[in-house]
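Student: I've got a new chain to look at, and I'd like to talk it through with you. Can we put it up and start?

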Amino acid sequence: MKVRFCSTVLSLALIGSSVSVQATSKEDLLKEQQEVESRLQETEQSQNQTSEKLVLTKQERKEAKVRLDEVNSRLEDLASKIADQQAAVSVAKEELAIVTRAVGQTESKLRTQEKLIGDRLRSVQRDGDVKYIEVLLDAKDFGDLISRFSTVSEIIKQDDGVLQTYQANVKQLTEQRSEQELVLGQLKKEQRKLLILQTRIIAESEVKRTLVVRLNSQVEQLQQEQFTKAEEAAILEDQQRLISRQLEELRAAELRAQQEAKERAEAAQRAAAAREAEAAAEAERQAEQEAKAEKEQQEQNQPTSRPPTASEPVTETPSAQPETSEPGTIVKPFLLPVTGYVSSPFGPRNNPLTGKSERHTGLDLVNAKGTPIKAAAGGIVLRAGSATGYGNVVMITHLIDGKVWTTVYGHLDSVSVKAGQTVMPGDIVGKLGSTGWSTGPHLHFEIHRGEWAVGQPNAVNPAPYIL
């Protein structure tokens, strides 16, 4: 959430620094204003580029999701077809099993019948037609003979018919089994094709899903970048307002100084005129007195020495004003905001979260969670709230010996000040914590020479500047 900052002038005399608005020249402020405006334009341009890239990435993600939905729909249809095919294969297998069992039973019966008929034929072959002849010879008369002959013929035909019937049944069942096996083979072949197609579509779906995941990650990164750029722009805008307000104060101070100088000049002119008039009157009075005295001497005819002539009026010389020396360099203008051991100094390091090499722009001071954090110098709170990476953060702008400085207190558990508030050295600004991109309770402390800038190019090693 964008924090609304209260713009407060840096021209107020800061407690502990004894520096007024005049300590910073108008030229320095104008230069600082131009730098902030330039950085703000770059940030806004970068933010616009990020927004455009975000729109394009979202559109690409939308199209990728549509393609993924299409592939998943094809997979669902294919899964339904595979299920139907598997059911058909199961039915065909059951039918084939039934036919196979029937063929087996028929073949078993046929083998039994073939054995009986074979035994009978072998008996006839071995013994001849004795049994049938005996049956015929036992006939009582010709009619009985005919009847017995017909019966024997019928038995022989019946045996032959049974054999042929079983053979036909076996042939039919065998053909059915062959057909069923062919159908089953065809179903299995189609099933294999569907499974191969399913494998390909699954692979295609995985590619589309991976693309969507990658685009989701890009969208999140761009949204985070956009959010960060917005925060950076907010900080730069607030710095721009502070500098503009300070310039207004300087212009007002210049006008007041000009008016005061004009009034002093007019007063000096009036005083000089008054002194000249008084000197002229005094000279005239002395001349009159000399003339009167000389006249009196002449009248008395007594020699008198001429009194000394009046001296020229003495003009006052204004006392010389001491030259204002340039402010000296403050060796260590900042207090230690919190005690503790240094877990990560200023300079190059491997990021503990990502493992990547980076430039650490501050000093990490470890202490217990909730330990009070103090303002390192007097100044005005530029930002107090949440910021990406920093977590809960306080930023303070300082005027020290005519120079602008900015201190940053990151990863706070809580914040005790508000934007626009004036703080004195040692005032509590928050409590130590582990918010934002942090691996444990500590204070991330930064010192910037000048205004805070995107990428922290002005950050300096805090150690040499801390008392």
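Student: Which residues does Ile373 touch, leaving out those up to four places away in sequence?
Tutor: Before the list, note that this is a predicted model, where local features need pLDDT of at least 70, side-chain atom pairs count only at pLDDT 80 or more, and totals for chains, interfaces and linings use all residues. Residues are numbered from 1 along each chain as its sequence is written, and side-chain values use heavy atoms, with hydrogens and water left out. A contact means heavy atoms within 4.5 Å. On that basis Ile373 touches Pro337, Val338, Tyr409, Leu412, Asp427, Ile428, Val429, Gly430, Lys431, Leu432 and Leu443.

Student: And which residues touch the most other members of the largest nonpolar core?
Tutor: A nonpolar core here is a set of buried Ala, Val, Leu, Ile, Met, Phe, Trp, Tyr and Cys residues joined through side-chain atoms within 4.5 Å, where buried means under 20% relative accessible area, exposed over 50% and partly exposed in between (1.4 Å probe, protein chains only). β4, β6, β7, β8, β10 (428-432) and β11 each supply at least two residues of this core; strands (E, at least two residues) and helices (H or I, at least four) are DSSP runs, numbered from the N terminus. Of its 26 residues, the ones touching the most other members are Phe334, Ile373, Val394, Ile396, Tyr409, Val429 and Leu443.

Student: How many residues of strand β7 are buried?
Tutor: β7 covers residues 391-400, and the strand is mostly covered. Out of ten residues, the buried ones number nine.

Student: How many bridges join β7 to β8?
Tutor: Two strands pair if DSSP finds at least two bridges between them. β6 (residues 379-387) runs antiparallel to β7 and is joined to it by seven bridges, with Gly385 opposite Val393. On the β8 side (residues 403-415), also antiparallel, His398 has Trp405 as its bridge partner. The number joining β7 to β8 is eight.

Student: Which residue in the turn between β7 and β8 has a positive phi?
Tutor: In the β6 and β7 hairpin, with three residues between the strands, Gly389 takes a positive phi near 85°. The β7 and β8 hairpin has two residues between its strands, and there a phi of about 55° belongs to Asp401.

Student: Which element gives the largest share of the lining of the largest pocket?
Tutor: α3 (142-300), β1 (341-344), β3 (357-360), β4 (363-366) and β11 (443-449) each give two or more residues. The largest share, four residues, comes from α3.

Student: Is Leu236 buried or exposed?
Tutor: Leu236 sits in helix α3. Aside from neighbours within four places in sequence, Leu236 contacts Val36, Arg39, Leu40, Thr43, Trp452 and Val454. With a relative accessible area of 0%, Leu236 is buried.
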